[in-house]
Amino acid sequence: MDYSQFLNMQEEISLLAVILIVFLADLFLCGKEERICAMGNGTALSATACGCGRMNVLPIALMVVHTLINLLPWCGSACTPVEAFGGMYQHTPMMTIVKSVLNVGVIVVMLMSANWLNRPENRIKQGEFHSLVLFTLFGMYLMISSGHFIMFFIGLELASIPMTALIAYDKYRYESAEAGAKFILLALFSSALLLYGISLIYGVTGTLYFDQIADKLQVNLLSIAGLVLFISGMGFKISLVPFHLWTADTYEGAPTVVTGYLSVVSKGSAAFVLMTVIMKVFGSEAFLGLWSTAFFWIIIVTITVANLFAIRQKNLKRFMAYSAISQAGYVVLGIMGGTAQGMTALVFYLLVYLTANLGAFAVLHVVEQHSGKIGMDDYNGLYKTNPKLAFLMTLCLFSLAGIPPFAGFFSKFFIFMAGFNAGYPVLVFIALVNTVISLYYYLLIVKAMYIKTNDEPIAPFRSDCGTRAALVICMAGVLLLGIVSAVYNYIDLFSYGI
Amino acid sequence: MEYTLFILLLPFLSFLFLGICGKWLSHKTAGIIGTCCLAVVAILSYTAAIDYFSLPRLADGSFRPVSPFDINWLPFFNEGLQFKMGILLDPISVMMLIVISTVSLMVHIYSFGYMHGERGFQRYYAFLSLFSMSMLGLVVATNIFQMYLFWELVGVSSYLLIGFYYTSPAAIAASKKAFIVTRFADMFFLIGILIYGYYCGSFGFNFNAEGFAAGGFMLPTALVLMFIGGAGKSAMFPLHIWLPDAMEGPTPVSALIHAATMVVAGVFQVARLFPLWIEYAPDALSIVAWVGAFTAFYAAAVACAQSDIKRVLAFSTISQIAFMMVALGVCTEITTGHEHTGSLGYMASMFHLFTHAMFKALLFLGAGCIIHAVHSNEMSAMGGLRKYMPVTHITFLIACLAISGIPPFSGFFSKDEILTTCFAYSPFMGWIMTAIAGMTAFYMFRLYYGIFWGTENKELHAEHTPHEAPLSMTLPLVFLALITCVAGFIPFGHFVSADTRAYDIHLDWGVAGTSIVIAVGAIALATYIYKGERQPVAEAAAEKFAKLHRWAYKRFYMDEVYQYITHRLIFAHISKPIAWFDRHVIDGFFNFLAWGTNALGFQIRGLQSGSVQKYAFVFLLGILILLFILIL
């Protein structure tokens, strides 16, 4: 065996190194009595200086380094498609971009969670949080770069089982535990069906390598069933209707930072994988029509149903759950037709959605931390007491709704254009109508914050530095991504169609 | 010439800095930061001009356009139309860089004195920087779309600056009026751009002949639509109504935006697209000429009867810009020859733009000094000021002589070229414009005598003696006056001409002599009527032609006409029914939709029961339905 092929997996390897360092540092360097991370202490001097208490800087710093190393152009695998282990692992430059987007998401989530993790009840399990997050990220990496269904499945499971632990992180809180249980049960259910689908495909073609399947696969009942089961399994991860029912309960129960992570990073990776795998495995002319039809209906149902539910929500985490479902519908619009333009639009959409959604979650999280309130009515009059947070939240919501000149407008525009050019004007029209509806419910929050009055509004508070840093990153994205067209152009360089 | 990027970047950074950190800065620091940035910009602009004009000419004697930057900004379409952003240097854009940076720098310095102690001083400098950035971006645009973006930015900053005194209702109304009227015109500009882009497949200025051939009559249409946009910004009749009201803003702002730079954007736009006009729409070009001629006459007539000195200057600006428009409109060809050819008007227009920017800025800044001294805009509060304000008096006189077309001041040379080209177009046009030039001399000297001679207003002076303005205000006056004295001798044709080949300006003494005689006559008339302590002739004339005087004073009731059209006709008969339709039919439909979605949401809430078994069941059902759809 040629061990040099491990070098082709440099992104995975560097992430693995990060995981190991974080894990070991947590294990050995932290004092048993106080369990305050010693590594954190050293670097936390600067953090204390800006008044945000101790925060676990190590994982964040390592992730930043990891992201930068992967983005540097001299790293061999970033520039040309490579593979390892006889095609089990396949890598294209586009994947580096997607992984970097996920990295940014993880960094923002870690920044958001820093203060929360320093609370007395969480301090003891700080290390677990970071390890679990990084493990799920590693699973997504494998899933993204897989060239074989077993590899893909391992990645999928690695991404969802530690996720359950994260969702049930507040294990003594009833809702959190319930959310974890619901998630793991349904995840198992969907994994089983997905595995069944993979076995059907194996039965038809006799291989699990993506490239070989693509050559051998014929349209018949078994392979269609395999396709549908595959879509449903991924639909579960992306929370497409009707595979979305876990979403609201889980989002509501999970700790807010985990909800943010789930709604952006986990969902984003799955959407990209869905696109690449379906293009690779079911890329033939005959299948193109089939899955396009499937997505056509799924998108319509997803966006519409999610909007219908979102209008009625009073709990903002549930509300964001439905908003995330409807956004997922827009993301999948990029898959239609399997064009290079669609892929660019999809990745760009994910990036923009990441900044806006995590920004909104950062606000929800910090408000929840300081006041324990998460209901829509609690936000009445937020502008009076915390004008800056209310303003940032407004920008994020505008971006999510797709109002120019924020990045969300451009991402929606590109995704609609991709769908239109792929030949689905009706779908784009329905999505457009739904955008109007979504505008209504996003503005409900804005109205609550600015116009409605409240007898006992959320008291003014100063947010911690971690959250501030996270918000700064998100705002930079919301304001700049659309206008600085170099980002879109850069993504466009690497995208590919069927 | 990559450094030209800083010409745009510096004012932008200064805007951001002053806008965000302004409230922590003292007035002085904020002013110095803004002024220093502009000074650097001015130096860079001059360097760019020297560098550009010292480039070797092409074989046929023309200048090569240089584009140090041209990036693909929004790749909305993979092929075909691209939205680019960049910097284009060619003779007219380089000339505009000089004009804008010079006047803007003068205004920055001047504002130190004029705005001293004003609330929102930092905000004022931030807006000035924003305006400078937008205007500079407009002239160096590499394509018409970029031009449009900066065009709108210019409109916004003009809006912000006119409404600078946001506590005064008149200023707010004026800023809104300016914004709405120009925005209305810009709508046509945008439509024109879209038509242009559709037929040419590009927004660039490197005109693609095949696309145009396919365009047919759509291309002249597009050009005329764009001209409407330009007419809005350049205050051509009947879209001029915003400019006189815009004088509610601080006077230095009027000098910068509403005299020297922004209002000539329309002229610049026509000049920028000039090759297209000449090639594909020579007939439509006469629209430009006649709109210009009428506006010049109308504005000059109104200016003769106004009593607010800034209003007089505003109407004189409208009239002078119309001169530039006329000069462009009477062109018949693009090739530059050595005789008075059909392309002379282009050079004349740009020349007049250049000289006018300087002497009109001077006039406005002088008016600012006067207003600063007597605290009023009305001529009745002035009179006899020459004793108190010698510097202002002399520089103002120089500017008046320049605008009247008296040699050797700059206005004479540029106006003479315009008149020559008008006579070449048709003698009728030539005589009209010469007559208007005479009116210009008359009303400018009416203004001059009204301010500096005539009766002193003893009552006002008793409590507050007028005094000369501080050095920060007089220095720009002197500098601009110097430019006004020498600018006429610049061999302008060597730098700017229709096809950028060198052209020697020579005076046509037939035309020049006539215009000098008429100007001197008009000045003499003004002296006879207005110089004395009492003005019996003026009063008698006003009484005799009471109706005409009243009409001119009321600007021929153009504002009232607008009021009638918008309120009585459009609002009452078009907007109201539409509003009713909107409120009852459209809103009704959406209310129904909202009610429907709400009701539907309530109905399907059972799906989200919280029980995992049910979720799994729905999941499975979904798979089966999907399978069913795909197999069928």
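How many residues of chain B are in contact with chain A, and how many residues of chain A do they meet? In this predicted model, 26 residues of chain B are in contact with 31 residues of chain A. On the side of chain B that touches chain A, strand 1 (66-74), helix 25 (558-603) and helix 26 (612-631) of chain B each supply at least two residues. Helix 26 of chain B contributes the largest share of that side, 13 residues. By class, the side of chain B that touches chain A comprises 18 nonpolar and 8 polar residues, with no charged residues.

Two helix pairs within chain B were examined for packing. Helix 5 (residues 144-162) of chain B packs with helix 6 (residues 169-200) of chain B at an angle of about 175 degrees, and their axes are 9 Å apart. Because angles over 145 degrees count as roughly antiparallel, helix 5 of chain B is roughly antiparallel to helix 6 of chain B. Residues of helix 5 of chain B that make this contact include Phe145(B), Tyr148(B), Trp151(B), Glu152(B) and Tyr159(B). Among those contributed by helix 6 of chain B are Phe179(B), Arg183(B), Asp186(B), Phe189(B) and Tyr196(B). The residues of the contact between helix 5 and helix 6 of chain B divide into 14 nonpolar, 4 polar and 3 charged.

In the second pair, the axes of helix 8 (residues 218-233) of chain B and helix 11 (residues 265-272) of chain B come within 7 Å and cross at roughly 155 degrees. Helix 8 and helix 11 of chain B are therefore also described as roughly antiparallel to each other. Helix 8 of chain B contributes Met226(B), Phe227(B), Gly230(B), Ala231(B) and Lys233(B) to the contact, and helix 11 of chain B contributes Ala265(B), Gly266(B), Gln269(B) and Val270(B). This contact of helix 8 with helix 11 of chain B has 5 nonpolar, 3 polar and 1 charged residues.

Individual helices were also considered in each chain. Helix 12 (residues 256-281) of chain A has 26 residues and reaches 36 Å from its first C-alpha to its last, close to the 38 Å expected at 1.5 Å a residue. A bend of about 30 degrees occurs in helix 12 of chain A at Leu262(A). Helix 12 of chain A is mostly covered, with 25 of its 26 residues buried. For helix 14 (residues 309-329) of chain B, the end C-alpha atoms are 30 Å apart, which agrees with the 30 Å that its 21 residues should span at 1.5 Å a residue. In helix 14 of chain B, 21 of its 21 residues are buried.

Definitions and conventions. Residues numbered from 1 in each chain as written. Chains lettered and ligands numbered in written order. Predicted model: local features only at pLDDT ≥ 70, side-chain atom pairs only at ≥ 80, totals over all residues. Contact = placed C-beta atoms within 7 Å. Helix = DSSP H or I, 4+ residues; strand = E, 2+ residues; numbered from the N terminus. Nonpolar A, V, L, I, M, F, W, Y, C, P; charged D, E, K, R; others polar. Axes fitted to C-alpha atoms, helices over the stretch in contact; angles between N-to-C directions. Parallel < 35°, antiparallel > 145°, perpendicular 65-115°, else oblique. Expected span 1.5 Å × (residues − 1). Bend = angle between axes of the 7 residues up to and from the residue. Buried ≥ 20, exposed ≤ 12 C-beta atoms within 10 Å, placed from the backbone.
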